[in-house]
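Hello,

Here is the structure I promised to pass on. Please open it first, then read my notes below.

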Amino acid sequence: MVFADGSAKIKVMPKEKKLIVGNWKMNPTSNREAKQIFMVIRKAGSTLRNVQTVVCPPFLYIESLRHLLTGHRVVLGAQDMFWKEEGSYTGEISSKMLAESGVRHVILGHSERRALGETNEEVNRKVKACFKYNITPILCIGESTRDNERNYLNFIREELEESLAGLPKTAIQKVIIAYEPIWAVGKEAKREATPEESQEMIIFIKKILSDFFGVKAIEGLQTLYGGSVNPKNAGEFLKDGGVDGLLVGRDSLDPKRFSLILRAAEEL
Ligand code: PGA
């Protein structure tokens, strides 16, 4: 993808560590199992120097897994939050509560939440609500099909524009952007994406964000790729996908496979 203006100027600082995020979604169904899976991941992740591991379990398990944390190489994240701090919002969890529970990352705007009706405007409010309590939003964006290039690029542009509207320049560095093409996510995935497809889209995303926020503001921007990441393709996405880390769904619940992904990231 070639841009006539400016994209060559986009400089992105190399990150010290690869960020590997596990999204457990609505799994497993017992606290006991959650602990078992987490212990194996903790063991694999806690010795790695070049990898930061973030496990995002269902809210209910955060408190008990928190007691198993032993250092900063493996930490806990959340899968969603609400934009209000406290009050009459049945069923919701706030950034203040997450911070209280030691959580420092939250996945926002995941395609499975968007499929249930979450809008860019709601995602935008959630992103903005993160900063007061120092929670890092992992903002998921991704197109559902790749039929027509102009359409899907416009879709991505709109998702970014609306989800990040009104964000101050200084805040964009604190947001992690996860590119997750919906057609490559989950059991229903049509096919795996290629590292080249990821890289192209990451360049496009950085171009859009540099137009919004300025080239300088996005120098430290961190990006992830997500969608059918497995031990076989993890290294390839990290090497050639233009990203600083990975967002892993299914394989983050299989501690052996997740450990192999962590190892692939460590060995790059
Ligand atoms: P998957 O899910 O790895 O199972 O495709 C990724 C995600 O939904 O974040």
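What volume does the largest cavity have? About 40 Å³. Bear in mind that this is a predicted model.

The cavity first. The structure holds 1 cavity of 30 Å³ or more. Its lining is made by Gly109, Ser111, Arg114, Cys140, Ile141, Gly142, Glu159, Glu180 and Ile182. By class, these lining residues split into 3 nonpolar, 3 polar and 3 charged. Two elements each give at least two residues to the lining of the largest cavity: α4 (111-114) and β5 (136-141).

Now the helix pair. Helix α6 covers residues 149-163, and helix α7 covers residues 195-213. They pack with their axes 10 Å apart, at an angle of about 45°. The crossing of α6 over α7 is right-handed.

Which residues make the contact? From α6 come Tyr152, Leu153, Ile156, Arg157, Leu160 and Glu161. From α7 come Met201, Phe204, Ile205, Ile208, Leu209 and Phe212. The contact of α6 with α7 counts 10 nonpolar residues and 2 charged ones, with no polar residues. Arg157 and Glu161, both of α6, are the charged ones, because Arg and Glu fall in the charged class.

If you look at two places, take the lining of the largest cavity, with Arg114, Glu159 and Glu180 among its residues, and the contact between α6 and α7, including Ile156 and Phe204.

Best wishes

Technical notes: Residues are numbered from 1 along each chain as its sequence is written. This is a predicted model: local features need pLDDT of at least 70, side-chain atom pairs count only at pLDDT 80 or more; totals for chains, interfaces and linings use all residues. Side-chain values use heavy atoms; hydrogens and water are left out. Axes are lines fitted to C-alpha atoms, for helices over the stretch in contact, and angles run from 0 to 180 degrees between N-to-C directions. Helices (H or I, at least four residues) and strands (E, at least two) are DSSP runs, numbered from the N terminus. A crossing is left-handed if the near helix is turned anticlockwise from the far one by less than a right angle, and right-handed if clockwise. Contact means heavy atoms within 4.5 Å. On a 1 Å grid over the protein atoms alone, a cavity is a set of points where a 1.4 Å probe fits but cannot get out, and a pocket is an open set with protein on both sides within 12 Å along at least five of seven lines; lining residues have an atom within 4 Å of a point. Grid points are joined across faces, edges and corners, and a volume is the space filled by probe spheres set on the points.
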